[in-house]
Amino acid sequence: MNLFSRKEFLKMTAVTGAAMLLSSLESFANESKSSKIRIAVIGCGSVSNRYIPHLQSSPIIEIVSLCDIKYERALAQNKEYEVKAATYSTIEEMLKGVPFDMMVTLTDMQVHGELNKKALLAGKHVWSEKPIANTYAEGKSLLDLAESKNLRLWGAPAVV
C-alpha cells in the first residue's frame, strides 16, 4: 500500500483540478464569442502555484486579475509567473476592476460560498476549488443562482 502525506495529496488534487479546468474550458471557449477567456484568480496561496502555470499554458485563457487578502501574495504571484495582471486585495475591488469572464476561487475553504456568490451576482462564471460552498443548502443556492443568470458554476473534482 502506498501512503503519501497530506501535502502530497493536496498537491495532487490541485494539479488534477487545474487539468480538469482546462479541459472544461475548451468547450466553454468554443461557445464564447471572444478569442480568449479572461480569468480572475482569487486566492494566491500555495494552490495557485498549480493553477497559474496550467492556465498560462492554454492559448484560450488570459489571466487578467490576481486577488488575495494578503495583497503581497497577489503581487508575488504576478511577478513569479510574469502574469502582467491587475492585482487586488478584495473581491469588491476586483469586480470593479479589469473586466473578466470567469473567477477561479482558490481561497480558504470557509469563504468559497460567499466569494462565489458575489462573483455570480456580478455576472461572472465561477470555477471553485472544493468545496463550492460550506453546506448543501448554500451550494444548491449557488447552483440555482448560476442557472437563473445563465452562468456556469464548476467545482473542482474530488480526488481520492
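Modeller: Read along the sequence, the chain runs α-β-α-β-α-β-α-β-α-β-α-β. That gives 6 helices and 6 strands. The model is predicted: local features need pLDDT of at least 70, side-chain atom pairs count only at pLDDT 80 or more, and totals for chains, interfaces and linings use all residues. Residues are numbered from 1 along each chain as its sequence is written, and side-chain values use heavy atoms, with hydrogens and water left out.

Biologist: What makes a run of residues a helix or a strand here?

Modeller: Both are DSSP runs, numbered from the N terminus: helices are H or I with at least four residues, strands are E with at least two. Helix 5, for instance, covers residues 112-121.

Biologist: Why is Met-102 called buried?

Modeller: Buried means under 20% relative accessible area, exposed means over 50%, and partly exposed lies in between (1.4 Å probe, protein chains only). Met-102 has 0%, so it is buried. Its place is in strand 4. Buried residues make up 43% of the 160 residues in the chain.

Biologist: And why is Glu-114 called partly exposed?

Modeller: Glu-114, in helix 5, has a relative accessibility of 42%, so it counts as partly exposed. Its C-alpha atom is 9.1 Å from that of Glu-138, 24 residues apart along the chain.

Biologist: How do you know that the buried residues of helix 2 share a side?

Modeller: In helix 2 (residues 48-56) the buried residues are Ser-48, Tyr-51, Ile-52 and Leu-55. They cover an arc of only 95° around the axis, so they lie on the same side of helix 2. The arc is that of the directions from the helix axis to the C-beta atoms.

Biologist: What makes a nonpolar core?

Modeller: A nonpolar core is a set of buried Ala, Val, Leu, Ile, Met, Phe, Trp, Tyr and Cys residues joined through side-chain atoms within 4.5 Å. The largest has 21 residues; Ile-39, Val-41, Ile-63, Leu-66 and Val-104 touch the most other members. Strand 1 (37-42), helix 2, strand 2 (61-67) and strand 4 each give two or more residues to this core. A second, separate core of 19 residues includes Tyr-88, Leu-115, Val-126 and Leu-153.

Biologist: Why is there no disulfide at Cys-44?

Modeller: A disulfide is a pair of cysteine sulfur atoms within 2.5 Å. By this rule the count is 0. For Cys-44, the nearest cysteine sulfur is that of Cys-67, 7.3 Å away. Cys-44 counts as buried at 3% relative accessibility, and Cys-67 counts as buried at 2%.

Biologist: Is Asp-101 buried or exposed?

Modeller: Asp-101 has a relative accessible area of 18%, so it is buried. It is found in the loop between helix 4 (91-96) and strand 4 (102-105).

Biologist: What does the side chain of Asp-101 reach?

Modeller: It reaches the backbone nitrogen of Arg-38 at 2.7 Å. A polar contact is a pair of N or O atoms within 3.5 Å; within protein, one must be able to donate a hydrogen and the other to accept it, and residues adjacent in sequence count only if both atoms are side-chain atoms.

Biologist: Which residues is Asp-101 in contact with, leaving aside its neighbours within four places in sequence?

Modeller: Contact means heavy atoms within 4.5 Å. On that basis Asp-101 is in contact with Lys-36, Ile-37, Arg-38, Lys-124 and His-125, leaving aside its neighbours within four places in sequence.
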